[in-house]
Amino acid sequence: MATKVFGLLLIAFGAYLFKIGLKYEDSDSGHLMNIKLIGSAILLFIGGIALLLSSKSLCEIFGIFC
């Protein structure tokens with residue numbers, strides 16, 4: 001159950017970062033910060049989906065909450 005909640009939190013945080021990446025005005029460094037924010041949001045989406053589809057607990061995956 002905790003794995004599913006953690007996966008949903010990762011997806012929500014990824015959506016938040018994606019939204020910031022689209023709105024962030026970074027004209028000084030050629031939109032490099034936008035690319036980093038959107039890239040990390042995509043990685044969080046992938047990680048969240050992997051945790052949602054996993055049948056293992058957080059203890060088995062990360063070794064925490066044992």
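I started at phenylalanine 6, which is partly exposed with a relative accessible area of 34%. My terms here: buried is under 20% relative accessible area, exposed is over 50%, and partly exposed lies in between, with a 1.4 Å probe and protein chains only.

A note on what I am reading: this is a predicted model, where local features need pLDDT of at least 70, side-chain atom pairs count only at pLDDT 80 or more, and totals for chains, interfaces and linings use all residues. Residues are numbered from 1 along each chain as its sequence is written, and side-chain values use heavy atoms, leaving out hydrogens and water.

**Aromatic pairs**

I searched the whole structure and found two aromatic pairs. In one of them, phenylalanine 6 and phenylalanine 62 sit edge-to-face, at 6.1 Å centre to centre and 80° between the planes. For pairing I used ring centres within 6.5 Å for Phe, Tyr and Trp (its six-membered ring); planes under 30 degrees apart are stacked, over 60 edge-to-face, and the rest tilted. Helices are DSSP runs of H or I with at least four residues, numbered from the N terminus. Phenylalanine 62 also counts as partly exposed, at 47% relative accessibility.

**Nonpolar patch**

Which residues make the nonpolar surface patch? I listed Met1, Val5, Phe6, Leu9, Ile61, Phe62 and Ile64, covering about 700 Å². Patch members have over 30% relative accessible area and no salt bridge, and nonpolar side chains are joined within 5 Å. A salt bridge would be a side-chain nitrogen of Lys or Arg within 4 Å of a carboxyl oxygen of Asp or Glu. Helix 1 (2-23) and helix 3 (58-62) each give the patch at least two residues, and helix 1 has the largest share, with three.

**Helix 2**

I then moved to helix 2, whose 22 residues reach 32 Å from first C-alpha to last, close to the 32 Å expected at 1.5 Å a residue. That expected span is 1.5 Å times one less than the number of residues. Asn34, Leu37, Ala41, Leu44, Gly48 and Leu51 are its buried residues on my list. They lie on the same side of helix 2 because they cover an arc of only 115° around the axis, taken from the directions from the axis to the C-beta atoms. On the other side, Ile35, Lys36, Leu43, Ile46 and Leu53 are exposed.

Isoleucine 42 is also in helix 2 (residues 32-53), and at 42% relative accessibility isoleucine 42 is partly exposed.

Technical notes. Patches are made of residues with over 30% relative accessible area and no salt bridge: like charges are joined within 9 Å, nonpolar side chains (Val, Leu, Ile, Met, Phe, Trp, Tyr) within 5 Å. Accessible areas come from the Shrake-Rupley method with a 1.4 Å probe; for residues, only the protein chains shown count as cover.
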